[in-house]
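This report is written for a reader who is new to protein structure. Please keep the sequence and the three-dimensional view at hand while reading.

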Amino acid sequence: MSTKEGLAMDIDSKYIEELQEQKAMTWLLGEVIKISSNIDSFIGLMEVTTDMLMGVMGLDTCTIWMKSDNGFKSYSRGIQNENRFLSEESSDFPTHIIHVKDTCVFDTKDEQHWFIQGKSTKSVLLSPLNDFKNKERVGIIIAEHSAENYFTNSKIDFFGSLSIQISIASENAKHFEEERRKAQEEVRAKNEQIVESVHYASMIQNSLLPDMSFIKKHADDAFAIWKPKDIVGGDFYWFAPTRKGFCAVLMDCTGHGVAGAFMTIALNQMISRAFEDSGHGSASEILNKINAMVKDTFYKFNKYDNLHAGLDMGLCMFDQESRRLTYSGARMSLFSHSQGITRELRGANKSLGYSERKKKEQEFEDAVIDYLPGDAFYMTTDGFLDQNGYEDIHPFGAERFVEAIDAVAKYDFEKQRSEMIKRFSAHKGCEVQRDDVTVFAVKPL
C-alpha cells in the first residue's frame, strides 16, 4: 500500500469517527431536550444528564455546579467513584471559573485546581449556565478527560448548545418544583383543616356516647372499648335506665369514618325514639321499630340507587328485679359468661335497614335468659372479630373471642378491658386496623 493510499484511509477513518461523534452528540442533545420536558424534578434532571454525558461523551468526570441558597451545589459522576451520582453542598467556588464568558477549554498545565476531581485529568472543559429570565450566571458544567486535547471544536460547540438547553430545563424544573411545593402546601393546609374538623367531630361523637360512670350507677360494673378506624366511625353504644333495670345497645352502622359517624348520629335519635315509643318494651319490639325507621328515613325518598344504609345491632333489656335478660340481635351475638363458661347467643341472620328484597320481611324475635349474680355479658362489633393478624393471617374470630373472655373473666372490669385491648393488639400486630372496633361489657346487679 502506497503512502498516499494510507493517508487517504487515515483521512476517511478520521472523517467517519468525527461523523459518528457528531451523530452521538446530536442524539444526546435531542435526548436532553426530550427528558427535560418530562422530568419535573431538578435533581432528577441533573442525575439523568450527568449519566448520559458520561456514557455518550466518554468523560472521566462530569460535574454540574449550580448556585444555591448556601453557596453552590455540585451534581457529579466520575470513574473515580464508579459513576455513582453524587450531590454535595459547597460554600466556596472560584469566582473566575463561575464567571467564564463562553464554553472553553481550561488550561491545566500551569496550575492544578481543587475543583478538578480526576487524578489523571489532562483535558477540562468549562461551559457556563445562565438564567436567561433574570440575566444572571447560575452555574457551570465541568467536563474532564484523561486524554490531552480531548475537547475538539465540535465538542466545544456541542457543550455550548447543551448548556443553553440545560439552563432552560433547570429553570423549568425549578419552576415545576416550586409550583408543586405550593400545591403540596395548599393540599397540606386543606388536609390539616379537614383533620382538625374531623377531630372536632370526634369530640361531638364522643359526647353522645353514654358516660361509663352513669352506666355504673345502674349496673354492677361495665366497660367499653371504642376504637374508630378513622378518628370517627360507625360503631356506637347506647344505654338507658328502665324502671326495673336498663337497656344496653351496641350498633355497627354502614361504613366507617365520616359516613359511618353520620349514621350513628341519626341512629342515636332513632333508638331513643323507638325506646320511648315502645314504652320500654321488649328488645325485639324496639329492633323492629328501628328497622322501620331506618327504611323510612333513608329509602322513602331515596334518589340514589347505590345507597346502602343499614346497621348490625345487639339490644339487651335487663330486668334486675327478676334477673332476666331479653336479647334481640341483628347479625350480632351476645356472649354470656356464667359460672366459668362463656356461651354465644347469636342474633338473627339479617341486618337493620337496607333496601327491601322481600314484600314481607321477617321480624326480629326475643331470646330470654335468666342470669345469676356475678354473670357478665359482652357484645362486639365485627371489627374486632374480623381483624386479621400479622403473624396469624386469619381473623380474630368468635372462638378466639370466647377464649379471651374465659381468660379475662377472673379480673375486675377495668383490667378486663386492658387485657382485651392487649389481646387484640397482639393479634393485629403490624397489620392495619380494618374496621371500627367496639366492645361493650356489662355485669348487671
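The structure is a predicted model, in which local features need pLDDT of at least 70 and side-chain atom pairs count only at pLDDT 80 or more, while totals for chains, interfaces and linings use all residues. Residues are numbered from 1 along each chain as its sequence is written, and side-chain values use heavy atoms, with hydrogens and water left out.

**Packed helices**

Two packed helices are described by the angle between their axes and the distance between the axes. Helices (H or I, at least four residues) and strands (E, at least two) are DSSP runs, numbered from the N terminus. Axes are lines fitted to C-alpha atoms, for helices over the stretch in contact, and angles run from 0 to 180 degrees between N-to-C directions.

| Helix pair | Angle between axes | Distance between axes |
|---|---|---|
| α4 and α6 | about 30° | 11 Å |
| α9 and α10 | roughly 140° | within 10 Å |
| α2 and α4 | roughly 160° | within 9 Å |

Angles under 35 degrees count as roughly parallel, over 145 as roughly antiparallel, 65 to 115 as roughly perpendicular and the rest as oblique. Helices α2 and α4 are therefore roughly antiparallel to each other. Their crossing is right-handed; a crossing is left-handed if the near helix is turned anticlockwise from the far one by less than a right angle, and right-handed if clockwise. Contact here means heavy atoms within 4.5 Å. On the side of α2 the contact includes F42, M46 and L53, and on the side of α4 it includes F158, L162 and E177. By class, this contact has 12 nonpolar, 2 polar and 3 charged residues. In this classification Ala, Val, Leu, Ile, Met, Phe, Trp, Tyr, Cys and Pro count as nonpolar, Asp, Glu, Lys and Arg as charged, and the others, Gly among them, as polar.

Helix α4 (residues 153–208) also packs with α6 (residues 257–277). These two helices are therefore roughly parallel, and they cross in a left-handed manner. V198, Q205 and L208 of α4 meet V258, A261, T264, I265 and N268 of α6. The residues comprise 5 nonpolar, 3 polar and no charged ones.

Helix α9 (residues 397–408) and helix α10 (residues 413–428) form a further pair, with a right-handed crossing. Among the residues in contact are F401 and I405 of α9, together with M420 and R423 of α10.

**Nonpolar cores**

A nonpolar core is a set of buried Ala, Val, Leu, Ile, Met, Phe, Trp, Tyr and Cys residues joined through side-chain atoms within 4.5 Å. The largest such core has 51 residues, and L267, I290, M313 and L315 have the most contacts inside it. Leaving aside neighbours within four places in sequence, L315 touches residues including V249, I286, Y327 and M379. Apart from this core lies another, of 31 residues, among them V32, M46, M66 and L129.

**Two single residues**

Is G310 buried or exposed? G310, in strand β10 (residues 310–319), is buried, at 0% relative accessibility; buried means under 20% relative accessible area, exposed over 50%, and partly exposed in between (1.4 Å probe, protein chains only). The C-alpha atoms of G310 and L352, 42 residues apart along the chain, are separated by 5.4 Å. E276, by contrast, lies in helix α6 and is exposed, with a relative accessible area of 51%.
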